[in-house]
Amino acid sequence: MTFIDLIRKNLFRKKLRTILTVIAIFVAFLIFGVLATFQNALNAGVEVAGADRLITTNRINFTLPMPIAYATRTASVSGVSRVAHAEWFGGYYQETRNFLVAFAIDPQNYLDIYREYLMPPAQRETFLRDKTSILVGKAVADQYGWKVGDRLPLKSNIYRQKNGSDTWDFTIAGIVSGDDARVDTNLVMFHYAYLADTRSFGDGTTGWMILKTTDAKENARVMREVDALFANSAFETETKTEQAFNKAFAEQLGDLGFIVTAVVGAAFVTILLIVGNTMMLTVRERTGEIAVMKTIGFTTKRIFALVIGESMLLAVFGGVLGIAMAWLASLALASAMSRFGPFAFSFDTALFAFALMALLGLFTGLLPALRAMNTDVVTALGRK
Amino acid sequence: MNRLFTQIAAVTMMNLRSLPQRLWTSLATVVAIALVTGVLLAFLAMAHGFQATVAGTGAPDVAVVVRKGSESEINSILSREQVLLMQQAPGIAKAADGKPLMSAELYVIVDGLKKSSGTKANLPLRGLGPLAGDVRRGVRISAGRMFRPGTAELVVGRSVSKQFRGFELGQKIRLASQNWVVVGEFDAGGTVFESEIWADVALLQGLFQRGSTVQTMRLRMDGPQALAGLRAYSDGDPRLKLDIKSEVDYYARQSRSIGDLILYLGWPLAIAMSFGALAGALNTMFASVDARTREIATMRAIGFRGLPAFIGTMVESLLLAAAGGIVGAIGTYLLFDGLSAATLGSNFTQVVFSLQLSSDLVLQGLILALVIGVAGGVFPAWRAARVPLLAAFKEQ
């Protein structure tokens, strides 16, 4: 019987107890996996933000408009290689609860800057050519079952058409996917010109601009110069890196990072107690046989390894099951959670989970292992 | 029957007296259950606090008028003509001088610096007309005074100065390309209004290039029953494509989405964690029964029945669970009750609220703890009740 066999046999001596302990570990890792994925979804915007991309908004607040003419003037600032603009449409499909992230964009420039949006070249061509067409993100298309070529009537909770209608009719030109699982495809994009020509108010304004700089090193200077350009006008601007903008945006929701950390922390303190307690119980029950093992020549090191090995095996067994379940759960929840961002289980989360398993195994095994190691043969056998 | 009770009492006491022998494992169970209860209660307190703030806003006899389809004030726009037409609607209460009690308001978003994170967040800046105070009852200036119409003065809700930097009384602040002075702070009974900044509507119309348009109207009605008349009046005029709701109804709708979201996160998390704590409780209780096998068997041998052993174990388990539940509830109360938090509400602006525990919520937490106690006790108790007599003679 090898050393590993011995650990395995020990582990399953009290089957019910082991199974219960594994369940506790499983639950903690499941919670960790799902919440880490949730947090990644919220932070995805910060992570995929381009280092050479800046966002210029109205200085008062990013929900307020700015003149469309700003785009041309900004493009002439040195260090700016491309400028696109976009506007929030407040769109929904049929009913207000089917709320959509809908942007009216400056098509060519926008798609040139956001290279992470992928679609077949033919679809891209169709979109650029047809002013009343719309690009639909994969997450949205999946949710509603929309296909290329479908007619798509959208309403706005902000705008009205000049003719009094509250509905804009679009044709789906393409389905957009991301070049990375973290790219958020929960959005639809259409031609700014279509909105500008038909809406009853908002003439000559757009929402914000996206600037691509020639080099990220130029960012600070470009930000200063662009804002200086529009200082003391009726529409002052504020330019930030895309990353800083997305971070501030995510933080508006509240300190979700703290909530996630607190819950995961509580779950892990719980299993630390439960598993540590179980291991202690186990070692206490085996005092006699540990003494025997020592007598027949097991070194204290081996005894130590035997107990730590058992707690490690427990942690890894429960942990791997929990993480596997979290991965499955993230697949199942992806579409329901898409409004928070791309809900994709990441490799980093799995890596971090393995580190947690190792720590858990170590901490829960340490005290019992020391106790086993220090078992006094004479007293232990005598007590029996 | 009487004897059975004596037996039950005796065995239960023995169980409980032996608890100190299993101090650490019992404590681990108590802490695990306390953490589960604590997590559940923290989420419930968050949902409850948010809902109490938002759903507690508004009066039943005040009507909120927005453009049809805009859902919230921030997306709405009303022309001067629409405002004038609505003033003539039936069922609007009148001031002493005969003027209809109505307030045409602007609702724009400005940046505030959150004290907690140091980042900018959306704050609502509301432009109010002269009659706003008569339309909205239940708001009073708690410090300083009201702004004077036509001047760059602000009054802020109590929550704003609590959560955001630079809004203390007397402070100068730059908002919307304009220097302002904070001249007053108002108390709105813990409602959403306390997360708002108020200023003169005419001044804001100029600053935000709104001409004579406003975003929303509030009308004080003769009574809640006047709402139907207002709607009929608006529907009958093609120039008025408006959504009219009572203020209570308007805010009740807004409270649902986020309040529900917090509940949908809190319950599944707490239930998942319960399974972990349950596993721990079962381990502890099985160990407890194992440790007392000889004792239980001996008692069976001298004529005790199985039921007392069952009940004794159940009581031990329930007691540990109840202790966990109570510790969890007290911990949540000390750490989180009254804690001020802010999140993005339906108007795309920050809503400041406090976490609120209530006896009803604590009860839900204790029930969850006791359910863990019952489930964690019943199988070990069953084993205890069926300990064979022979176990009394087994070596331990």
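Trainee: Hi! How many residues does the contact take from chain B, and how many from chain A?

Mentor: The contact takes 41 residues from chain B and 37 residues from chain A. Two residues are in contact if their C-beta atoms, placed from the backbone, lie within 7 Å. Keep in mind that this is a predicted model, where local features need pLDDT of at least 70, side-chain atom pairs count only at pLDDT 80 or more, and totals for chains, interfaces and linings use all residues. Residues are numbered from 1 along each chain as its sequence is written, while chains are lettered from A and ligands numbered from 1 in the order in which they are written.

Trainee: New topic: which residues touch the most other members of the largest nonpolar core?

Mentor: A:Ile31 and B:Val39 do, in a core of 170 residues. Such a core is a set of buried Ala, Val, Leu, Ile, Met, Phe, Trp, Tyr and Cys residues joined through C-beta atoms within 7 Å. The largest share of this core, 19 residues, comes from α2(B).

Trainee: What does B:Val39 touch?

Mentor: Leaving out residues up to four places away in sequence, B:Val39 touches A:Val263, A:Ala266, B:Leu269, B:Ala270 and B:Met273.

Trainee: Now B:Gly58. Is B:Gly58 buried or exposed?

Mentor: B:Gly58 is buried, because 24 other C-beta atoms lie within 10 Å. A residue is buried if 20 or more other C-beta atoms lie within 10 Å of its own, exposed if 12 or fewer, and partly exposed in between, with C-beta atoms placed from the backbone. You'll find B:Gly58 in the loop between α2 and β1 (62-67) of chain B.

Trainee: How far apart are B:Gly58 and B:Tyr250?

Mentor: They are 192 residues apart in sequence and 8.1 Å apart in space, C-alpha to C-alpha.

Trainee: Last one: how many bridges join β7 (residues 133-137) of chain A to β9(A)?

Mentor: Five, and these strands run parallel. Two strands pair if DSSP finds at least two bridges between them. A:Gly137 stands opposite A:Val176 in β9(A).

How values were computed. Helices (H or I, at least four residues) and strands (E, at least two) are DSSP runs, numbered from the N terminus.
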